[in-house]
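Work through the exercises below with the structure open beside you. Try each task before you read its solution.

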Amino acid sequence: MASFNITPTDPSTFILMGIPGLEDAHLWISIPFFIFYMIGLLGNFTLLFVVRKEKTLHKPMYLLLCMLVLTDIVMPTSIVPKALCIFWFNLKGITVGGCLTQMFFLHAASVMHSAVLVTMAFDRYVAICNPLRYDTILTNARIAKLGLVCLIRAVLFILPLPLLLSRQPFCANRIIPHTYCDHMAVVKMSCGDITVNRTYGLVIAVVVNGLDLMLIAMSYSLIIRAVLRMSSKKDHQKALNTCTAHICVILISYTPSLFSSLTHRFGQGIALHVHIILANLYFLLASMLNPIIYGVKTKELRDKVGKYSCRR
């Protein structure tokens, strides 16, 4: 056990405190963490398995769903295993390299998640506003290229965060009051000038969330306009039903993210443990609920999942 008793004075180590103020409840808090994480993994891997096995699901919409599923696996996997080590075994030490690596994968997956949601909004726009050309506009090859663009964008946007921090001198007190290496939490550990780090982090948050939400809003404004022009109520209902799952996922993904970001930067009166719980729920809830939403709302996918469940 001696190797685990790392002190904050170790120059190559940070100490993650978990949820300060609720240390006595760590064991109880770990139970929903673990359950949400396992449900999310089960649901997401089930969707990946079904889409891979069923050739009838090898379509742009389901390829985009697989991309979303992958980000929903990477985000919680970046933080939950370490958080459980803190809650269960009091293993709070994490190397600076490990901390920066965790930060990169967490934030890169989050940025890619947002980009995939934008691409899915465009997919719904084409399906409703230009259905006759859907198969020619959105081919599987084109979706793969768009996915690669989403990945490259995420890497280019997020890579400077750990690179800038790796050049910063850190103070002797390296205790991070969090369950994971959040960018702003690590920035506050620096004894140097953090103006560039804070500014770049804020710009990324505003550009990614602002631009992506604007593009999604633009897609849905065009969709609503097209739906209102339809003469049949049945067509209205059918068109809106194709968007229900995506809209639910957008609300689940962006609402806690924006709330957590705003409270982190401007909510000085809110207790620290509330900030931390909200930040963790953002990654856990989206990962757990997204496969459930698509499994329930998408009939074709629901039928295929049901078929494999019955076989089991």
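**Exercise 1.** Locate Ala127 and decide how exposed this residue is.

*Solution.* Remember that this is a predicted model. Step one: find the element. Ala127 sits in helix H3. Step two: read the accessibility. Ala127 has a relative accessibility of 23%. Step three: apply the cut-offs. Buried means under 20% and exposed means over 50%. Ala127 therefore counts as partly exposed.

**Exercise 2.** Describe how helices H3 and H8 pack.

*Solution.* Step one: mark the helices. H3 covers residues 96–129 and H8 covers residues 195–228. Step two: take the geometry. The axes lie 9 Å apart, at an angle of about 15°. Step three: classify the angle. Angles under 35 degrees count as roughly parallel, so H3 and H8 are roughly parallel to each other. The crossing of H3 and H8 is left-handed. Step five: list contact residues. H3 contributes several, including Val111, Phe122 and Tyr125, while those of H8 include Asp212, Leu215 and Ile223. Step six: sort by class. The contact of H3 with H8 has 17 nonpolar, two polar and two charged residues.

**Exercise 3.** Is Ser30 buried or exposed, and which residues is Ser30 in contact with?

*Solution.* Ser30 belongs to helix H1, residues 26–53. Step two: check accessibility. The relative accessible area of Ser30 is 1%, so Ser30 is buried. Step three: follow the side chain. The Ser30 side chain reaches the backbone oxygen of Leu27 at 2.5 Å. Step four: set aside neighbours within four places in sequence. Ser30 is then in contact with Leu84, Phe87 and Trp88.

Terms used:
Residues are numbered from 1 along each chain as its sequence is written. This is a predicted model: local features need pLDDT of at least 70, side-chain atom pairs count only at pLDDT 80 or more; totals for chains, interfaces and linings use all residues. Side-chain values use heavy atoms; hydrogens and water are left out. Helices (H or I, at least four residues) and strands (E, at least two) are DSSP runs, numbered from the N terminus. Buried means under 20% relative accessible area, exposed over 50%, partly exposed in between (1.4 Å probe, protein chains only). A polar contact is a pair of N or O atoms within 3.5 Å; within protein, one must be able to donate a hydrogen and the other to accept it, and residues adjacent in sequence count only if both atoms are side-chain atoms. Contact means heavy atoms within 4.5 Å. Axes are lines fitted to C-alpha atoms, for helices over the stretch in contact, and angles run from 0 to 180 degrees between N-to-C directions. Angles under 35 degrees count as roughly parallel, over 145 as roughly antiparallel, 65 to 115 as roughly perpendicular and the rest as oblique. A crossing is left-handed if the near helix is turned anticlockwise from the far one by less than a right angle, and right-handed if clockwise. Ala, Val, Leu, Ile, Met, Phe, Trp, Tyr, Cys and Pro count as nonpolar, Asp, Glu, Lys and Arg as charged, and the others, Gly among them, as polar.
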